[in-house]
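Okay, thanks for coming, everyone.

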Amino acid sequence: MTIHVQVQFFARFRETLGIESENLEGSFATVDAVRQYLLQRGGVWEVLSEQSIMCARNQELCSLSEPVEPGDEVAFFPTVTGG
Amino acid sequence: MAIRVQATAFDPGAEVNAMHDANVGVGAVVSFVGYVRDFNDGREVSGMFLEHYPGMTEKALGKIVDEAQQRWPLLKVEVLHRVGALEPAEPIVFVGVASAHRQAAFEACDFVMDYLKTRAPFWKKETTSEGPRWVEGRESDHKAADRWK
């Protein structure tokens, strides 16, 4: 089933990719499926293959195996460094 | 509980004093203040920019405070975090915890900082003597957070 998700990128990922967010249409079952779709673009998108990548679904931290639903907001970012 | 994410400076002393809040049941207030240093990982640091994830930041901090309140009997918790441009010596973060007795306040303050460091969506970018750089996450922060599992 084709669904729509909004993907956001932060910090070093945002800078490397040159965009803050993107609307995607595709057949995504999980957050990782969204990531794999982006990774296929190659080039700068390789940044999303970093082991320490963190992700969120609808503004809550999640694992890459988290299921996604139509209209979800998915975010990818490097390890957080606040405090 | 109060969560504030703001681009303007704050006074840590005033924040500590406000923790008592005229509540005569408060017997202990523990606070943590994090500051911008002028040196990090071998380079001089002349400034910092703090990026965050608006919306998620407040939710993540609220969740951390909720969890602290479930674990310890707390009377008040306050988390204040700066975003945007900061200079060395400026306070970045304030965590204040009030309780009847000191042990809960000490532990809860430590817990909130450990979880904030590893779960709240903030990212530091330093202006250094050799150009700008993103601060990398530290393994020691994750080990510290794992203590509370």
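Let's start with Gln8(A): buried or exposed? It counts as buried, because its relative accessibility is 16% and the cut-off for buried is under 20%. Keep in mind that this is a predicted model, so everything I show is computed from that prediction.

Where does Gln8(A) sit? In strand S1 of chain A, residues 3-9. That strand is mostly covered, with five of its seven residues buried. On one pairing, S1(A) runs antiparallel to strand S2 of chain A, residues 21-26, and six bridges join them. Gln8(A) itself stands opposite Ser21(A) in S2(A). S1(A) also pairs with S5(A), this time parallel, through four bridges. There, Val7(A) stands opposite Val74(A).

And what does Gln8(A) touch? Its side chain makes a polar contact of 3.3 Å with the side chain of Gln6(A). Leaving aside neighbours within four places in sequence, its contacts include Glu20(A) and Ser21(A), then Glu73(A), Val74(A), Ala75(A) and Phe76(A). The list also has a residue from the other chain, Tyr53(B).

That takes us to the interface. Chain A puts 21 residues into the contact and chain B puts in 27. The buried area between the two chains is about 2,000 Å², and carbon and sulfur atoms give 56% of that. On the chain A side, Gln59(A), Thr81(A) and Gly83(A) lose the most area to chain B, together 35% of what that side buries.

For the polar part, there are 15 residue pairs in polar contact across the interface, counting pairs with both residues at pLDDT 80 or more. Which elements of chain A give two or more residues to that side? They are helix H1 (11-17), strand S3 (54-57), strand S4 (60-62) and strand S5 (73-77). H1(A) has the largest share, four residues. By class, that side of chain A splits into nine nonpolar, seven polar and five charged residues.

Three salt bridges cross between chain A and chain B. Glu60(A) forms a salt bridge with Lys63(B), with the closest N and O atoms 3.1 Å apart.

Over in chain B, Glu15(B) forms a salt bridge with Arg4(B), closest N and O atoms 2.7 Å apart. Glu15(B) lies in helix H1 (residues 12-20) and Arg4(B) in strand S1 (residues 2-6) of chain B, so the pair ties together parts eleven residues apart in sequence. How covered are the two ends? Glu15(B) has 11% relative accessibility, so it counts as buried, whereas Arg4(B), at 30%, counts as partly exposed.

One more from chain B: the side chains of Glu90(B) and Arg82(B) meet in a salt bridge at 2.9 Å, N to O. Both Glu90(B) and Arg82(B) are buried. And back in chain A, salt bridges that share partners join Arg57(A), Glu66(A) and Asp72(A) into one network.

Terms used: Residues numbered from 1 in each chain as written. Chains lettered and ligands numbered in written order. Predicted model: local features only at pLDDT ≥ 70, side-chain atom pairs only at ≥ 80, totals over all residues. Heavy atoms only, no water. Contact = heavy atoms within 4.5 Å. Buried area = accessible area lost by both parts, 1.4 Å probe. Salt bridge = Lys/Arg side-chain N within 4 Å of Asp/Glu carboxyl O. Polar contact = N/O pair within 3.5 Å; in protein donor to acceptor, adjacent residues only side chain to side chain. Nonpolar A, V, L, I, M, F, W, Y, C, P; charged D, E, K, R; others polar. Buried < 20%, exposed > 50% of the residue type's maximum accessible area, 1.4 Å probe, protein only. Pairing = 2+ DSSP bridges.
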